[in-house]
Amino acid sequence: MSISSSLSTDGQELQINIEGRFDFNVHSSFRRAYEEPGNEVGSYIVDMTAASYLDSSALGMLLLLRDYAGGDSASITIVHCNDDIKKIFAISNFEQLFDIK
Amino acid sequence: MSHTFAMKNPFVVDELRVADGPSVPITKILIADDNNTDRLLLKAILCQQGHEVFVAKDGHEAIEVFREMQPDLVLLDVLMPNVDGFEAAEKIRQLAGEAFIPIIFLTSLQSTDALVRCLDAGGDDFLPKPYNSVVLKAKLDAFIRMGEMHRTMQRQRDLIAIHNERLLREQEIAKRVFDKVAHSGCLNADNIRYLLSPIAIFNGDVALAGVSPAGNLMVLLGDFTGHGLDAAIGAMPLAQTFYSMLEKGFSLQDILREINEKLYDVLPVDVFCCAIVADIDFSNGVMQIWNGGLPDGVLYRSFDGKSIPLTSQHIPFGIRNTAHFDDSVATFEVQPDDRLFLWSDGIQEATNNQSEMFGEERLLKIFEKNTDPEQLFDEVNEAVAEFISDEAVSDDVSIVEVKIVAPIDFHADRPDFIGSNPAGPRDWSLKYELRPQTLSNFDPLPMLLYVLRQVPYLRNFGGQIFTVLTELYTNALEHGVLQLNSSLKNSTAGFDHYYQLREQRLLHLQDGTIGIQLDYKGTGNGGRLKVTIEDSGEGFDYKNLENGLSGDVPYAGRGINLMRSICHSIEYLGSGNVVCASFVWGDS
């Protein structure tokens, strides 16, 4: 399980990659990933390609990111979710809060 | 107080600073040697290196000085009169207990046997005579560092033990309060079964059940993010809001909105509460469900054995503010012997030792295979328990079953009505007219209930009166103002249609009024309450009703028989758009 991130060359878009289990154990590294580039970032992409699972504390972490990125005006896209993860987002109706692809 | 202490953890931080810091504290060293020259020489070297030095001339004196001065490090000559070095070492070890006191033997002996004996006797090292001050310093510094590390570890271990004990004690107290708050209400009613199994002392799951003044059963199963204290903390405002609003007669929607607002206000951004809430009206066979973030619940229908999923359609509580909160509910028709199953994600996510999850499919299989609905609850629990390996309970497994019963078979404590003035208001009337903008989004019943509660008699019978009041108001609104035909509810499709129409028409309501009049007169030993409700609708042909020809279309859904059993009299006036119910008691 690990978190990596990369900033677009214009510094406008931050991509955060989740690998393995997305749960409380990655709390601080996930937080570091979006706090380090600072407030200049305009939009965020959370890539779930390599994520196997997420729990309710991961949903909480996404809410923290959303809050950090401006709450209702945040631009956060969550991409490449597997079926299990899609289901969790569907049950909690998080597609109303995030752009889930 | 204790919280400040526990959270700051000042000791641990200080300990670390001491261990890592550059300043070497003064070390107390005991030298025991019967040879005066050797002893003085060693003392001089050590004093020069900045240590505090005590001396003894033999083993016996060494033990005495050790007892008195409690040095950090002991240097013992092997061969001494009275008590020799080996014996003194043994005794000093005993006195030191679990404290780490390095013992170093001073010896001119060279044979391996002699050195082995030094170590066997409890020595940590030996220093050959004559002394080389560089070797001496290196050895002592190494032992001093080890001693420091050892003491730091011991102090931290002790602190952790103290903190842990305190935490457990606090949790135990909190748990007692939590249990009273979180698993309370009428969960022990005959038609409710529930199971909440914690993985820590606390779990994040909350089950609440209560009866509204009108006799509806409201059940809530909630699952807070995380486990332990952080998950349990939101249960307090949740339960408090649920019970106090339910008792005051607020509608499901009002309660949902208020719970969301409370939790949104008090919880941190990343803590929220997935929940499913059911409002069951046994008299009219109507159940309303709001599911925000919990897996599909199941409505098991007794007449065809089908399982209807109760799917999550909302964001959980505590994430969005009131303006963005969606309080719309799904409405279902229920009959006696139907069963409602609510569970948290613990069941689906229960994991076996092959890291497989129990999943929805296995759960639904149990319902398909079942032959005796009475066993469903046990079958689900047994299947989950069998599936999981003992050490791998991955979440809180919580399940609630509610069996739908006839109103007469529903036994649960109703909330007490508490009035402040023992005599209460004696003679009064109240007239309240609701216009379209109010009708579409305001429920006047809690306010009316509050007024009625001031009358002492209603402490015992308020529930029944409230049932009638609710029934009459619902009739005036749905049949009178909204022109809904209750015969729609005769089929399942029509039933859904009825509630969709109700929502639509309420939303676009332009015309219509409902007038409510309460008239109360109390004597010393009795009283009379008259409730008159007039709506702007067309009314209905109530003459047939008077002739006992009830059961036909227009008033079939009006719950009139139920009300007749409660009221002293019930009377329709005008074109059927006015209804007057009387309650009389005592000598009035």
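In the predicted model, D34(B) lies in the loop that joins β1 (28–32) to α3 (36–48) of chain B, where helices (H or I, at least four residues) and strands (E, at least two) are DSSP runs numbered from the N terminus. Because the model is predicted, local features need pLDDT of at least 70 and side-chain atom pairs count only at pLDDT 80 or more, whereas totals for chains, interfaces and linings use all residues. Residues are numbered from 1 along each chain as its sequence is written, and chains are lettered from A and ligands numbered from 1 in the order in which they are written.

D34(B) is partly exposed because 18 other C-beta atoms lie within 10 Å; a residue is buried with 20 or more such atoms within 10 Å of its own C-beta, exposed with 12 or fewer, and partly exposed in between, C-beta atoms being placed from the backbone. Apart from neighbours within four places in sequence, D34(B) is in contact (C-beta atoms, placed from the backbone, within 7 Å) with K57(B), D58(B), D77(B), M80(B) and P81(B). The C-alpha atoms of D34(B) and K57(B) are 4.6 Å apart, although 23 residues separate the two in sequence.

Chain B contains 19 helices and 20 strands, and 37% of its 588 residues count as buried.

The axes of helix α9 (residues 235–247) and helix α10 (residues 252–266) of chain B come within 9 Å and cross at roughly 155°, the axes being lines fitted to C-alpha atoms over the stretch in contact and the angles running from 0 to 180 degrees between N-to-C directions. The two helices are therefore roughly antiparallel, a term applied to angles over 145 degrees. Among the residues making this contact are F242(B) of α9(B) and I259(B) of α10(B).

Between the chains, the contact takes 12 residues from chain A and 15 residues from chain B. On the side of chain A, the largest share, seven residues, comes from helix α2 (residues 56–68) of chain A.

Key. Contact = placed C-beta atoms within 7 Å. Parallel < 35°, antiparallel > 145°, perpendicular 65-115°, else oblique.
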